Amino acid sequence: MRWSGVVEGDSAYFPRKKLTVVGSGNVGATAAFLAAYKELGNVVLLDVIQGVPQGKALDMYEASPILGYNAQVQGTNDYADTADSDVVIITAGIARKPGMSRDDLLATNVKIVAEVTANIVKHSPHCIIIVVTNPLDAMVYTAKQVSGFCRKRVIGMAGVLDSARMRSFIAEKLNVSISDVSAVVLGGHGDSMVPLPRYATVGGVPLTEMMDAKSIAEISQRTAQGGAEIIQLLKTGSAFYAPGAAVVEMAEAILKDQNRILPCAAWLEGEYGITDYFMGVPCKLGGGGLEGVIELDLNEQEQAAMASSLDAVKILVQQVDALGVF
Ligand code: A3D
């Protein structure tokens, strides 16, 4: 039998999209696996630790005949292998342990994210970067400053996760399918995040008509503490299944040009009265990355919550600037 496959250079050759995940720890490996499983493209998993990204990538590739996905998964310690990625997800850094706030990670992770971003930009000058490393609002700012990319190409993952937590708590409480629950969480990705129950719906019906105010307040509070709740249980690390799924939802929206409306940390240029800070807001994500920001009408209480969340973000940014890393 003879077979002649289509090779590079043929007019019919359509290379797959390329997704790099930096950091092959809990979040990075989960994201890489989900991205491969969803066939978003070929996946490169990079870490500073020798052997771990290679081992995890090989393990994922060996799962592909069972799960039936067509994606190459490559583990590496060399940024040359990430060249010409369409999307790069940054999860490199240290994670929270019990008793630590997200902000405690700042000094260590700024240096890591700055170094990672410089390497990414060198090898994939046209990529779109999605940052996951905490404290998220400070790290996505670091990636934007170091890359010099416009706001369309540097986005932070937080709102998709926080909203998913809120959606799951609502669905659990009302005993309805999570498919019918939509919710949005805005603001920074810290204790001052801003769940917006007024904009949550269940099967199109406003949540405020489906649930009493006390239960809604409890769910909003649990959402804001969602990361800490998992850390208390795990003791040695922080959440990774939902964060991995959340960042892959964003990557999919970009790689498949889906024009999804998802809450993300976006660099604001006047929206919500905020300029030159990242804040969690409803975004349109498509092939160009951040393709738009939706400005919701906020009531006085919601505006005050956004203002105090912005104050928390500003403190983080000041701390980053004071380190003088870039
Ligand atoms: P972990 O399992 O420790 O993995 C981090 C990985 O980064 C490790 O494998 C490290 O070896 C690697 N790493 C460290 N320095 C570098 C470097 N310079 N270059 C490449 N790789 C490096 O942590 P994790 O996966 O649980 O969490 C990763 C980050 O995501 C942490 O900062 C978490 O706090 C953060 N996180 C954010 C969210 C958000 O919602 C924003 C959710 C969950 C985790």
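A polar backbone atom of I94 lies 2.8 Å from an oxygen atom of the ligand, a polar contact in the sense of a pair of N or O atoms within 3.5 Å. A backbone N or O atom of N26 is likewise found 2.9 Å from an oxygen atom of the ligand, while N134 uses an N or O atom of its side chain, at 3.1 Å from a ligand oxygen. The protein buries 88% of the 860 Å² that the ligand exposes when taken alone, areas that come from the Shrake-Rupley method with a 1.4 Å probe. This is a predicted model in which local features need pLDDT of at least 70 and side-chain atom pairs count only at pLDDT 80 or more, whereas totals for chains, interfaces and linings use all residues. Residues are numbered from 1 along each chain as its sequence is written, and side-chain values use heavy atoms, with hydrogens and water left out.

Around the ligand there are 28 residues, of which N26, V27, D47, I94 and V132 come nearest; a residue is counted as near if one of its heavy atoms lies within 4 Å. By class, this shell holds 16 nonpolar, ten polar and two charged residues, where Asp, Glu, Lys and Arg count as charged, Ala, Val, Leu, Ile, Met, Phe, Trp, Tyr, Cys and Pro as nonpolar, and the others, Gly among them, as polar.

Helix 1 (26-37) and helix 3 (106-123) each supply at least two residues of the shell, and helix 3 gives the most, with four residues. Helices (H or I, at least four residues) and strands (E, at least two) are DSSP runs, numbered from the N terminus. Domain 1 (14-156) and domain 2 (159-323) each contribute at least three residues to the shell, their bounds coming from an automatic or database domain assignment.

Returning to N134, its peptide bond to P135 is cis, with omega near -5°, and P135 belongs to the loop between strand 5 (128-131) and helix 4 (136-147).

Notes
A polar contact is a pair of N or O atoms within 3.5 Å; within protein, one must be able to donate a hydrogen and the other to accept it, and residues adjacent in sequence count only if both atoms are side-chain atoms.
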